[in-house]
Amino acid sequence: MASAAEQLARNLSFSTFSKAKALQQRIWFTLGALLVYRLGTYIPLPGIDPDAFRATFEQSQQGIIGMFNMFAGGAVERMAIFALNLIPYITASIVVQVVSTASPRLEALKKEGEAGRRKMNQYTRYLAVLFCAIQAYGIAVGLEGSQGVVLNPGWFFRISTVITLVGGTMFLMWLGEQITARGVGNGISLIIFAGIVANLPATVAQTLELARTGAIPGFAGLGMLLLALIVIAVIVFFERAQRRLLIQYPKRQVGNKMFQGDTSHLPLKLNTSGVIPVIFGSSLLLLPATIASFAAQGDAPGWLTTVTALLGRGQPLYLALFAFFIIFFAFFYTAIVFNPTETADNLKRSGGFIPGIRPGERTAQHIDYVLTRITVVGAIYLAVVALIPEVMFSQLAVSQFIGGTSLLIMVTVTLDTITQIQSHLVAQQYEGLLKKSRLGGGKRR
């Protein structure tokens, strides 16, 4: 069956796509939803002076706010209604998933199928609202501490800012769910992807301009672009890399005939967790650091200024925490999405086994052993790719948007979306072949 699907995927053509009307509608819906998101990043927050905020942003964009602005698609530098983007929702998802591993009640909900998943999503939304409100209030206080940014400081501005930013994040959550259900790809990832891609041309132009004016050495600018191409190639290689375990099926007898046992493979991705560890790690660092960074612009206590400095881009503490979060979530998310015991039980029920390994518990242990080893490599790969722009940023003091974190998100989301499109086209071809076979059978009769 796998070889047949691969053969169909290789034979996909433009004519197949032109006949897939449902897929075209999904693609148009996705593009329309992303367009709505991009328009929202240009609607400014009420009650602020855009020019004064732009001057304040230019003074601090080289720090943690610059990375937040990357994920928000430029909404932070315009202080738009989507300035918080989906960071609070992602942070809430992390907390719920971590707590569910220690809470028997939440663990039971995960096993209740669709009903349990909806309940878990509801808890995640409630927690996202709380995180979003806290972060929005911190931003409102920080904006009031910046001279000339807020037109009428006070509780009315703070409340309106919290309501606006929370409403913007809730709308993006809903929009992402609609893209996932009615469009193509993962809606949350595509929204972050769209924000990064929107800033990419300006970032390339900025890097080339810095090289032209001599702000950075000319060879450094070309080296950055060459490094970006190398990183893309490395990401594609590791995202496609698999460890295939040979699965053997015993001989079977049908009537008087003995059929040879079949063989197949159990593919284990080198990076099972995908881009999730990088997004999760960035979100956990952005939540406290953004509040501290905005608040430190006003009359902030000394400890808050110290925290802001320690969590600055390129600082050793920031790099160490980022690497730790990436490696931790690579293992954590892999354990969530892949269950070796369940896989071994399924193989045992279907009569399959790994040569030299006893079915059941020994098979589960072997799969877990192999998965752990390749996850070590995958986690190191994610950490190295994500930390490349951080080290470059600290050494050259240039924009990090063309670095590993943004490239990793763009390439991974692109590969996943293309895979989904191919799956829809393969399904379309299967339906066409079935219709032809039925018509052919009817004619023969």
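Guide: Let us start with a definition: buried means under 20% relative accessible area, exposed means over 50%, and partly exposed lies in between, with a 1.4 Å probe and protein chains only. This is a predicted model, in which local features need pLDDT of at least 70 and side-chain atom pairs count only at pLDDT 80 or more, while totals for chains, interfaces and linings use all residues. Residues are numbered from 1 along each chain as its sequence is written, and side-chain values use heavy atoms, with hydrogens and water left out.

Visitor: Why does Phe331 count as partly exposed?

Guide: Phe331 has 32% relative accessibility, so it counts as partly exposed. Phe331 lies in helix α14, where a helix is a DSSP run (H or I, at least four residues) numbered from the N terminus.

Visitor: What makes the nonpolar surface patch?

Guide: The patch, of about 460 Å², is made by Ile327, Phe331, Val376, Val377, Ile380 and Val384. By definition, patches take residues with over 30% relative accessible area and no salt bridge, and nonpolar side chains (Val, Leu, Ile, Met, Phe, Trp, Tyr) are joined within 5 Å, like charges within 9 Å. Two or more residues each come from α14 (316–337) and α16 (361–396), and the largest share, four residues, is from α16.

Visitor: How do you know that Glu177 and Arg125 meet in a salt bridge?

Guide: A salt bridge is a side-chain nitrogen of Lys or Arg within 4 Å of a carboxyl oxygen of Asp or Glu, and the side chains of Glu177 and Arg125 meet at 2.8 Å, N to O. Glu177 lies in helix α9 and Arg125 in helix α8 (residues 114–145), so the pair ties together parts that are 52 residues apart in sequence. Glu177, with a relative accessible area of 28%, is partly exposed, and Arg125, at 30%, also counts as partly exposed.

Visitor: Which side chain meets Arg158 in a salt bridge?

Guide: The partner of Arg158 is Glu144, at 2.9 Å from N to O. This pair links Arg158 in helix α9 with Glu144 in helix α8, 14 residues apart, and both Arg158 and Glu144 are buried. The count by this rule comes to two salt bridges.

Visitor: What makes α3 roughly antiparallel to α9?

Guide: Helix α3 (residues 21–40) and helix α9 (residues 155–182) pack at an angle of about 170°, with their axes 9 Å apart. That angle makes α3 roughly antiparallel to α9, since angles over 145 degrees count as roughly antiparallel, under 35 as roughly parallel, 65 to 115 as roughly perpendicular and the rest as oblique.

Definitions and conventions: Areas by Shrake-Rupley, 256 points an atom, 1.4 Å probe, with all protein chains shown as cover. Axes fitted to C-alpha atoms, helices over the stretch in contact; angles between N-to-C directions.
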